[in-house]
Amino acid sequence: MPSEGRCWETLQALRRSDKGRICYHRDWLLRGEDVLEECMSLPKLSSYSGWIVDHVLPNMQENPPPSETSTSPRSTSAFGQPSFVPKSPVRDPAFSPASSATPDGTKDKYESQHTEPMVLQSSQGIKVEGCIRMYELLHRMKGAEGLRQWQEEQERQARALSEMASEQLKRFDERKELKHHKEFQDLREVMEKSSREALGQQEKLKAEHHHRAKILNLKLREAEQQRLKHVERERLRKEEGQIRLRNLYALQEEVLHLSQQLDAADQRRDLPRVDLSAFRTRGNQLCGLISGIIRATSENGFPTAEEQAVAERALQEMRDLLVNLQQEIARACEDRRRQDEEEAQVKRQESQVQQGPEVRKEPPASRQGPGGKLNEDLQVKVQDSTMQWYQQLQEASSQCVLAFEGLSNSKDSQAKKIRMDLQKAATIPVSQISTIAGSKLKEIFDKIHSLLSGKPVQSGGRSVSVTLNPQGLDFVQYKLAEKFVKQGEEEVASHHEAAFPIAVVASGIWELHPRVGDLILAHLHKKCPYSVPFYPAFKEGMALEDYQRMLGYKVMDCRAEQQDSFLKRMSGMIRLYAAIIQLRWPYGNRQEIHPHGLNHGWRWLAQILNMEPLSDVTATLLFDFLEVCGNALMKQYQVQFWKMILLIKEDYFPRIEAITSSGQMGSFIRLKQFLEKCLQRKEIPVPKGFLTSSFWRS
């Protein structure tokens, strides 16, 4: 187009101007070169001029360029960019023979010969310069494009690396968070484990503490128990010592009293031919023996059991000595009476009517009937008939034990089972007896009666009968009697009202099975010899523990039980005996007499009043017996009974009071007040717990 040609001419004119010849480089400031350096120096060829001359110019000579107006489009089409190359010649110092080289590496022929830069023709130089510029521009554009692509690639890689780094950072954060979570979980588990271990250790320590505290408490309790036992033993020792001391003083008093009786008997002048000095001498020796024991006791504190036994033997010997003296005096009196009768008979030989001498026999104190006066001297030993009866009962009990010895000592399991079942069937019903309704009491009685009759009974869910073993009946009878007495020893001793239901069942069984009654008496006499009444004597060579057992004491570890416990057991058994002799089974045969009725109670009361009283024991047993059985004896014997009560008050009370120490006056005062109240009211009250008709209707 014409306008485009004019623009191109304008540009060429401007390039040919002085200012157009100035070479502007954008990187001058960066290279630090002077801006006007090229204006003052000769133009120089570019470093690419040699390559252009070798490659571009030959092509241009072969294809001559068109007109100037067409140069720009061709150039543009050849290089792909518009041409801004000026037509003025440009000198480039870089295009020199030294810097130009052919492709095959040979140097130009003008390499070192020309020192001045080559100056091309103006049109040709402009073309070369334009080509060079275009090549540089193309190279720069390619470099810029490559740089841009490289930058984009680098940016892309940077973004990719950034994203990868971000993802890795996220993974790292996730791993770190997971690690922290795991560490936290591990730490929490460790803390929980340590907490559980600490709790377990704490529980273990607590358990150990409780265990140690329990052991310490047990040790403290044992120590306290040991201390209390020691204190109790010391107290018992002192009490026993005081009791022995009081008994020793009582023994001394009785010995002195017996010694006075010996002196009084020795001073009798009506027996000149009888020498009683030996009795008095022996009596003085016994008194000296007792006095020596008391003097030794005052130095040592309390008398020992051996010293008390020696004193008791001395007292017994003193009693025997007095009895022998009385027998000697009685024989001397009998001889003198016989001589007097013979002399009187000689004087009356001349008389036609001869009369036999009157023999006045005073009844001995031991056979004094109820209501009579007691002799001055009472018995110490039981009557021969009573002793014989006592021995017969003990012999029957021993024979019964021998009868079932095979069953009791058998090692066979079946025999043991039968023995155990029979013992339970015999003893459990007796244990169930109490102040229950009469209908229940009848069931217990029928069960015991059926067992003794050979009928099967239920015990512990099994059927039991004495016919299971040939020795079964003897075994059941013995164990049943033993259990009745044991109930009196334990249950009645604690609950006095229980004596009557136990006694009425025992009386009914006694009536139907007499052998059981005899065994009951044998057990009762063995455990409570005062129910005979019988005072066992101390024999030479006998151990003190054996003698205490004969008296009824329980001996454990060579030590007798307390006096209060002993009296309580004796009281329970006497109350049971007093209830048995007055009660009968209401459903039995009323026509038959009681197998062991009130006449035996009357005999027991008469015999015990004909014997010397025992300190604390006699008063206790008399009170229990009269409180339980006194109303029945009053109704049976009436006036004779009241004479007996007056005899106790007037003659027997002084004897009991004389041998009772100040610390043992409780039982005596209780008996005295009871009898005085009865004499004042002229009636013995019905005992508490007595079975009335309403009991059997319940």
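This section describes the fold, helix packing, aromatic pairs and selected backbone features of a predicted model.

The protein chain contains 23 helices and 6 strands. Of its 698 residues, 37% count as buried. Among contacts between residues at least 6 apart in sequence, 76% join residues at least 24 apart.

Two helix pairs were examined in detail. Packed helices are described by the angle between their axes and by the distance between those axes. In the pair formed by helix α14 (residues 472-494) and helix α18 (residues 563-580), the axes come within 7 Å and cross at roughly 115 degrees. Helix α14 is therefore roughly perpendicular to α18, as angles from 65 to 115 degrees are assigned to that class. The crossing of these two helices is right-handed. On the α14 side, the contact involves Phe484, Val485, Gly488, Glu489, Val492, Ala493 and Ser494. These residues meet Lys568, Arg569, Gly572, Met573, Arg575 and Leu576 of α18. By residue class, the contact of α14 with α18 comprises 6 nonpolar, 3 polar and 4 charged residues.

Glutamate 490 is also located in helix α14. This residue is partly exposed, with a relative accessible area of 38%.

Helix α15 contributes Ala506, Ile509, Trp510 and Leu512 to the contact, while α16 contributes Pro514, Val516, Gly517, Asp518, Ile520 and Leu521. The residues of this contact divide into 8 nonpolar, 1 polar and 1 charged.

With a relative accessibility of 9%, serine 397 counts as buried. Leaving aside residues up to four places away in sequence, serine 397 touches Tyr478, Leu519 and Ala522.

The structure holds 14 aromatic pairs. In one of them, the ring centres of phenylalanine 500 and phenylalanine 690 are 5.6 Å apart and the ring planes lie at 75 degrees, so the pair is classed as edge-to-face. Phenylalanine 500 belongs to helix α15 (residues 499-512), whereas phenylalanine 690 lies in the loop between α22 (665-681) and α23 (693-697). The pair therefore ties together parts that are 190 residues apart in sequence. The two partners fall into separate accessibility classes: phenylalanine 500 is buried, with a relative accessible area of 2%, and phenylalanine 690 is partly exposed, at 31% relative accessibility.

Another aromatic pair, formed by tyrosine 530 and tyrosine 535, is tilted, with 6.1 Å from centre to centre and 55 degrees between the planes. Both tyrosine 530 and tyrosine 535 are buried. Together with Tyr553 and Phe566, these two tyrosines form one aromatic cluster.

Several backbone features were found in loops. The peptide bond from valine 532 to proline 533 is cis, with omega near 0 degrees. Proline 533 is situated in the loop between α16 (514-527) and α17 (544-550). Positive phi values in residues other than glycine occur at glutamine 638, where phi is near 50 degrees, and at lysine 682, where phi is near 55 degrees. Glutamine 638 lies in the loop between α20 (617-637) and α21 (639-659). Lysine 682 is placed in the loop between α22 and α23, the loop that also holds phenylalanine 690. Lysine 682 is exposed, with a relative accessible area of 67%.

Notes:
Residues are numbered from 1 along each chain as its sequence is written. This is a predicted model: local features need pLDDT of at least 70, side-chain atom pairs count only at pLDDT 80 or more; totals for chains, interfaces and linings use all residues. Side-chain values use heavy atoms; hydrogens and water are left out. Axes are lines fitted to C-alpha atoms, for helices over the stretch in contact, and angles run from 0 to 180 degrees between N-to-C directions. Helices (H or I, at least four residues) and strands (E, at least two) are DSSP runs, numbered from the N terminus. Angles under 35 degrees count as roughly parallel, over 145 as roughly antiparallel, 65 to 115 as roughly perpendicular and the rest as oblique. A crossing is left-handed if the near helix is turned anticlockwise from the far one by less than a right angle, and right-handed if clockwise. Contact means heavy atoms within 4.5 Å. Ala, Val, Leu, Ile, Met, Phe, Trp, Tyr, Cys and Pro count as nonpolar, Asp, Glu, Lys and Arg as charged, and the others, Gly among them, as polar. Buried means under 20% relative accessible area, exposed over 50%, partly exposed in between (1.4 Å probe, protein chains only). Rings of Phe, Tyr and Trp (its six-membered ring) pair if their centres lie within 6.5 Å; planes under 30 degrees apart count as stacked, over 60 as edge-to-face and the rest as tilted.
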